[in-house]
Amino acid sequence: MENKSVLVFGSGVSGVASALELANAGISVYLVEKEAVVGGHSASFCCKATDVCSRCSACVVLDKIKEAVAHPRIRVLTYSTIARLTGELGNFQVGIVKQPHHVDEQRCIACGVCTEVCPVNPKAIHPPSAEATPFSYVLDEGLCLRSKGEKCDVCRANCPTQAIEFALKPKEQELNVGAIIVATGFDVFDARMKGSLGYGRYSNVLTGLDLEQVFTREGRLRLGADGKEPRNIAFVQCVGSRDEGHGYCSQVCCKYAMKLAGLIKYQSPDTRVTIFYIDLQTAGKGFAQFYEKYKQSIRFVRGVPVEVLQTLPGELEVKFEDVSEGKVCRDTFDLVVLSVGISPGRNSWDLARILGINLTDEGFFDVRDSIGSNETNVDGVFVAGTCQGPKDIPGSISHGIAAASKAMQVLGQSASQRRGKQGSH
Amino acid sequence: MAKPFRETLKTKRFVVTAEVGPVKGSSVSKAIEHIELLKDKVDALNVTDNQSSVMRYPSLGVCLLIKEHGGEPILQVTCRDRNRLAIQADLLFACSRGVNNILCLTGDSIDVGDHKEAKQVFDLDSVQLIHLVHTMKSGKDMAGNELDGGIDFCIGTTGTPSADPLEPQLIKVEKKLKAGVDFIQTQAVYELDDLKRFVEFIRKRDRKVKILGGIVPVIGAKMAAYMNENVPGISIPQRIIDELSQAPKGTGIAKGIEIAARMIRQMKEEKVCDGVHIMFIGREEKVPEILGAAGLL
Amino acid sequence: MDRRIGVFLCNCGGAIKNIDFDIAAGKAAALPGVASVDLSSNLCLEEGREKMLSRIKEEHIEGVVVAACSPEFQEHIFRGVLKEAGLNEHLLAMANIREQCSWAHEGDVTEKAVELMEMAVRRARSLQPIEKKELPVNKEVLVVGGGFSAINVALQLSRIGLRTTLLQEEALLGIGAEESERFCCFDTDSMISAAEIDENIEILTSAQMTAVEGKVGDFRVVIRKGVEEIIRKYGAIVLAIGCQTRLASDFGPELRTGGGAIAGPNIVSQEQFCSMLVNPNLEKEPRTICLMFDFSDENSRFAAVATLNNALAAKKKWGSEIYVFYKNAKVDGQGMERLYREARNCGVVFVKTDASPRIAVENGRVGIEARDTFLGEDISLACDVLVAEELYLPGEGTGTLNLLLNVRRDSRGFLQDENVHLYPVGSERKGILFVGGCRGDSGIGSVLADISSVVMSVHELLSAGRIPVDVEKVRADPQKCVACLTCIRVCPHGAIHLTRTDNSKEVAGISDLACYACGICAAICPAKAIRFQGHRDEEIVTQLEAVGKALNGCHVAFCCERSAYPAADLAGRLRLHYPENLRIIRVPCAGQVDVFHILKAFEKGAAAVLVMGCEEGACHHITGNTRAKERVKYCDMLLKEIRVDGRRVAMFNLSPNAPHKFVGAVNEMIKTAKEPGR
Amino acid sequence: MIIAERKPMEEIKELVAPYKKVLVAGCGTCVTVCWAGGEKEVAILASQLRLARSAKGNGIVAIEATVERQCEREMVAEIKDKVAEADAVLSLACGSGVQTMAEMFEDKPVFPGVNTVFIGMPQGEGLWIEMCGGCGDCFLDRTGGVCPIVRCAKGLLNGPCGGTKRGGKCEIDPDKDCGWVLIYRRLEKQGRLDLMRNYYAPKNYRAVKRPGKIQAGKA
């Protein structure tokens with residue numbers, strides 16, 4: 001029997017795209033995800049539509065996730081990572097370690113009984129974020145009484161579907177697959193590394209990702225406990241891109257910043273928005289119209305701020321060099337958004353070691369042949385999405401589908417080659 | 001007594017006609033005022049026929065008034081309001097009362113006027129109307145019956161040099177020429193080049209027909225825009241609208257008159273056409289000012 | 001027809017506390033047609049499903065109602081149970097008593113839950129089975145174009161055993177392939193010869209497509225080659241016609257001679273510059289070279305790629321003094337920043353300037369003046385060669401092709417609408433795909449990915465040789481069809497054609513293969529001849545009959561299952577509350593909502609009707625939401641002319657991840673609408 | 001095909017005001033195709049009437065029926081029971097459908113619910129233009145197959161009036177094509193512009209003697 005199944009590691013949008021394509025082509029897929037939920041970063045992105053769709057593709061991600069988890073040929077393994085790899089193209093043995101977690105996502109029906117009965121406050125067991133898939137409850141070990149040595153058993157005892165389990169150890173299993181697609185995505189650049197920009201020090205310095213989540217949670221730009229809406233906002237581009245440590249453009253920041261800015265202007269037209277930039281990246285299908293529409297109402301300043309300081313409570317002074325004017329300027333804002341870039345995944349190095357694949361100087365997975373392809377130096381191991389280099393959502397999807405296509409093609413070939421070999425014996 | 005228009009056309013003079021719009025109502029004093037003012041300053045007075053499909057005192061009525069006051073009338077006849085019976089009857093009447101000039105027109109559509117729900121007739125079109133005049137001249141009506149006394153008119157018709165596209169319009173003009181006309185007066189002209197092209201086209205086909213350039217002064221940028229949108233056959237170039245909008249407030253009329261006079265002078269000096277026809281409906285009293293500014297007094 | 005309906009209620013582990021399940025079960029049992037009512041606490045788990053299965057068999061249930069969580073999550077699981085029980089899986093109706101009832105409101109919602117169940121029971125009674133079938137498809141693929149992407153698609157398809165025809169207007173394969181060679185190090189020659197010897201690839205050059213009929217799996221294509229007319233059949237069509245370049249209009253006529261060629265040797269196009277670079281017999285190497293990009297078109301990546309590559313190559317080859325003028329460095333592509341840095345490190349001088357430089361030719365040299373944004377100074381220099389800014393535009397045949405194939409173009413004229421649901425390579429018509437430069441200039445990295453995406457899509461469609469379909473899910477009744485062609489004109493997926501019935505009457509034929517079951521046609525058919533199983537008038541009206549019975553006044557929201565419906569679920573999960581008297585009817589697309597359905601809702605007592613679909617520009621069926629908007633406007637007019645004051649109908653656009661927008665829209669509507677007399 | 005459009009609601013409401021039970025009768029032929037009186041429009045109008053009347057507390061029973069061709073007695077006969085049930089009939093057919101209905105049910109008031117406007121052709125989705133005036137003296141051979149009688153706002157026979165604007169639009173409506181420009185372009189394309197240069201004498205407007213009646217030759 002040929003082993004026709006494929007393991008996709010990482011369930012961000014490119015991994016999900018790979019898995020779906022393979023499954024639709026009749027190939028069984030293990031979709032392995034190290035986190036509790038499927039979808040990766042982009043699943044929590046907000047819709048940035050104004051009066052029309054701004055083509056951010058966030059909704060496409062949700063569509064794909066929904067389709068993938070319901071697909072009969074896709075098995076989702078959450079909390080799982082690859083620990084070992086042996087074998088070769090057409091016949092890989094992959095050791096998967098499933099981290100202990102306490103709520104069985106197959107059995108949790110999200111009824112909420114556990115949260116209700118949990119004696120601590122804040123609750124140690126709580127629902128996942130609203131858009132999470134699978135929609136399975138999460139036990140926060142740090143808050144749980146059991147971590148303090150108490151013998152609390154209330155949630156487990158009350159769970160109507162016996163989904164909660166405490167005495168868990170990491171589980172290991174071996175999967176036999178024909179090919180592997182690595183789609184482990186990216187890490188968001190840690191804006192604390194740029195200390196002078198104030199992230200982590202000031203509550204009104206946020207990253208673009210934080211802002212996405214504010215919109216996802218609130219539907220509007222409401223900050224803090226009082227839900228205040230900022231009136232004067234600065235976006236700072238290229239935070240963690242195109243600098244000393246990052247010899248690349250993250251490709252997504254200009255567009256998400258402008259789209260978020262557009263959304264803010266649409267919801268509250270009187271809010272002032274300034275974007276500080278080096279080079280505006282306005283290429284790409286469907287973006288020209290958007291840029292045309294908002295380029296008048298958004299203030300663009302060529303020059304990236306060097307420092308953000310709090311002058312009064314809630315007020316931030318941004319020091320920047322206005323390149324067009326040729327002078328150093330200061331301006332105050334009540335919210336500064338750092339358009340953080342795409343960094344290679346923290347665990348890429350470990351994974352590269354396990355799988356035997358190469359990394360680029362920048363820390364992304366390296367590919368053979370040409371820019372943007374999917375083949376790694378190991379036959380049968382492919383990469384998809386932002387773990388190979390920065391990409392936007394459509395780019396990640398396309399790259400994911402391409403990886404699936406390549407995996408399918410080599411599986412077909414390796415099978416026929418093996419048949420050929422057997423024939424000659 | 002005024003010189004018959006047919007005779008005027010035979011001279012080499014630069015011919016000037018002006019339009020008189022009948023009143024809405026039965027009081028004709030205003031019309032008489034205009035007739036008195038203009039009859040000696042122009043070669044003929046041209047009376048509109050329910051112009052812009054707005055119901056008024058009849059063209060024929062004002063023509064008779066002009067005759068009474070010693071002027072030379074041109075009777076405008078459109079095909080919009082009368083079928084072939086009514087038109088023939090009117091022509092007989094006009095002829096019997098010494099109205100000897102006729103301008104044959106299609107007529108504006110009912111939709112632009114003040115009786116939008118009326119049935120529009122168009123039993124004939126302007127080319128057929130010209131043919132009809134010739135038929136009746138020969139002593140027969142359209143049905144071929146003998147007339148006890150025929151008609152004789154100096155026949156004019158219109159053309160639109162600014163029609164877009166122009167070619168179908170030129171074919172129509174050619175048909176009118178073939179049917180036989182003595183003069184053609186054009187719709188309002190604002191681009192001299194349009195007129196030149198138009199005249200050249202006609203001259204290639206008919207050396208004798210007299211061509212009168214149409215002049216409609218515009219007295220403000222807003223009016224110009226309105227006319228462009230709503231008045232059939234008119235297209236005022238942006239250049240002139242700009243010129244008007246730059247005129248100081250309250251000087252719109254003066255500016256309009258200045259532009260019109262400039263146009264007339266150009267037509268005359270460059271011998272673009274044989275004369276002009278000034279249409280300043282509602283402001284007939286200003287026509288002498290234009291004539292003065294154009295050096296035609 | 002009296003179908004035995006089994007109602008399965010689930011209290012979700014006992015967690016749904018604001019519904020009295022005993023009362024609800026009792027009321028459900030009393031509904032007409034209901035043969036059994038079962039209460040479960042874990043219907044979605046295996047044990048729950050097994051119990052459901054055995055109850056269906058025991059009670060000889062013929063139609064199933066599940067009153068539980070949202071169908072968004074578990075519908076497919078319950079359909080599976082029906083299938084296992086030997087029932088047609090479409091005889092299932094769900095009442096969303098969790099996300100859109102229990103979680104969405106405070107206080108007891110038993111009455112609403114009962115009403116939702118009644119709606120579902122009524123629907124289940126009128127549903128009809130839909131059969132599944134596999135339809136055969138032609139496995140050959142037509143690839144239009146002969147450049148890099150076209151040849152690559154053909155080669156990859158051949159590798160998975162699919163035969164292709166490469167159709168190119170030019171006489172030689174590979175024209176346009178140099179384009180990619182210029183930027184990258186692909187070996188295009190070997191690629192072309194591989195295609196030429198590949199027995200799965202047929203090459204038709206100097207030929208063009210003149211007519212296309214049919215649908216996915218069965219396209220009939222007329223090809224003209226010289227005087228010859230060839231008729232061929234294909235299962236799918238891939239468009240890979242690339243893009244074309246033109247000099248930016250700033251290069252005014254004084255600098256150009258006829259046909260867009262450049263005057264003199266001083267100002268050249270990128271292509272001419274490339275041939276200078278590879279010309280071994282170049283008379284004189286230019287000492288000073290200027291290049292420029294990003295002035296006339298700020299949305300192009302190809303222009304940046306070409307400029308940087310050529311600048312670098314010239315620097316390396318000739319060591320010339322090189323200046324690149326640009327507004328924004330377009331580096332958002334793979335390897336672009338690295339290329340940009342390399343060029344800078346090699347000594348290429350980059351001059352950032354906000355306005356297009358002024359250019360003049362004098363004494364055989366080209367003078368350039370611009371204001372350097374960084375220095376804040378005007379600079380002026382003269383060079384031997386200026387490489388003119390180029391624009392990347394849709395390929396020549398684009399306009400003809402999109403009409404021929406009935407597919408849309410984007411706002412810049414490239415193929416493929418800007419709807420994100422079509423990305424990366426899809427069109428609104430199944431079996432017609434786009435790849436490469438004809439989609440827009442996206443950069444070489446993504447072109448490669450798109451090529452593989454196309455191969456995958458074609459494989460999924462055709463490799464099996466047959467496609468499973470729902471048989472006649474949407475069907476025009478030939479007895480009622482008056483062949484008015486309305487549906488053919490409105491179908492966004494090109495799935496409807498005139499066909500002849502057995503007795504040779506011409507009627508609308510809806511292809512099961514090409515149909516996406518959006519219902520846009522059914523909603524517009526003036527003869528009411530189109531039946532959309534699951535969303536027929538009967539099925540909708542019968543639900544409306546149950547609306548608002550138990551409550552004082554109600555409002556109806558027709559929610560697109562792609563956007564508003566999941567948004568409502570999310571609102572429930574977030575416990576965002578909205579008035580209890582909202583009734584949601586799930587529709588496949590806002591475009592499926594018929595004016596008549598809206599009026600019916602008012603007749604049945606609704607004070608407000610909301611039609612909720614995807615954001616404008618993001619409809620899964622391209623025009624469904626804009627049509628819905630038009631229809632709502634029309635409906636509003638219909639209401640105004642009968643002067644039923646207070647009742648309101650409105651259209652809302654939202655995405656599936658916009659629960660706040662959903663709740664905001666509902667609250668706004670309900671606040672302002674009132675039913676007269678109440 | 002005959003094109004019609006629904007009458008203004010005010011008018012319809014007034015027509016049926018005195019009646020409790022009204023049959024809204026559609027026709028499955030021309031008026032279905034032009035979205036004026038097919039089954040869908042019948043359903044919409046019936047619904048509107050019910051809503052309008054119930055809001056006034058003066059309920060109405062709107063019965064719905066659509067026959068294949070309302071200008072055929074035999075086909076109309078199929079809904080005679082529904083007619084019998086109703087106090088009045090609101091017909092959404094063209095004028096001949098309404099009259100057929102009225103003739104067959106002489107004791108019933110039959111009202112037109114649509115205005116029959118012209119004989120036309122669809123020019124796109126939901127858009128129809130007038131093509132023929134039924135003048136009884138077809139002129140199309142001389143005009144490249146474009147009818148000047150109805151496609152020229154004035155029905156001129158010898159070329160356009162002076163109102164052609166904006167690249168060939170009619171003086172009365174910038175959205176309508178000048179019929180004579182269409183004729184010009186067609187004839188130009190065919191190299192038959194001479195036809196346009198011909199003089200055409202006044203037309204026989206009495207080719208059809210009202211009331212029109214024709215008898216087909218016996219086969």
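Which residue is the bridge partner of Asp322(A) in S17(A)? The partner is Lys327(A).

The model is predicted, so local features need pLDDT of at least 70 and side-chain atom pairs pLDDT 80 or more, while totals for chains, interfaces and linings use all residues. Residues are numbered from 1 along each chain as its sequence is written, chains are lettered from A in the order in which they are written, and side-chain values use heavy atoms, without hydrogens or water.

In chain A, strands S16 (residues 316-322) and S17 (residues 327-333) run antiparallel and are joined by 7 bridges. Strands are DSSP runs (E) of at least two residues, and helices (H or I) of at least four, numbered from the N terminus; two strands pair if DSSP finds at least two bridges between them. The hairpin has 4 residues between the strands, and Gly326(A) takes a positive phi near 75° there. Phe333(A) also lies in S17 of chain A. Between the C-alpha atoms of Phe333(A) and Cys253(A) there are 20 Å in space, with 80 residues of separation in sequence.

Relative accessible area sorts residues into buried (under 20%), exposed (over 50%) and partly exposed (in between), with a 1.4 Å probe and protein chains only.

| Residue | Relative accessible area | Class |
|---|---|---|
| Phe333(A) | 2% | buried |
| Glu111(C) | 41% | partly exposed |

Glu111(C) belongs to helix H5 (residues 110-126) of chain C. Chain C has 20 helices and 32 strands, and 64% of its 678 residues are buried. Its C-alpha atoms fill a box of roughly 95 × 60 × 55 Å along the principal axes.
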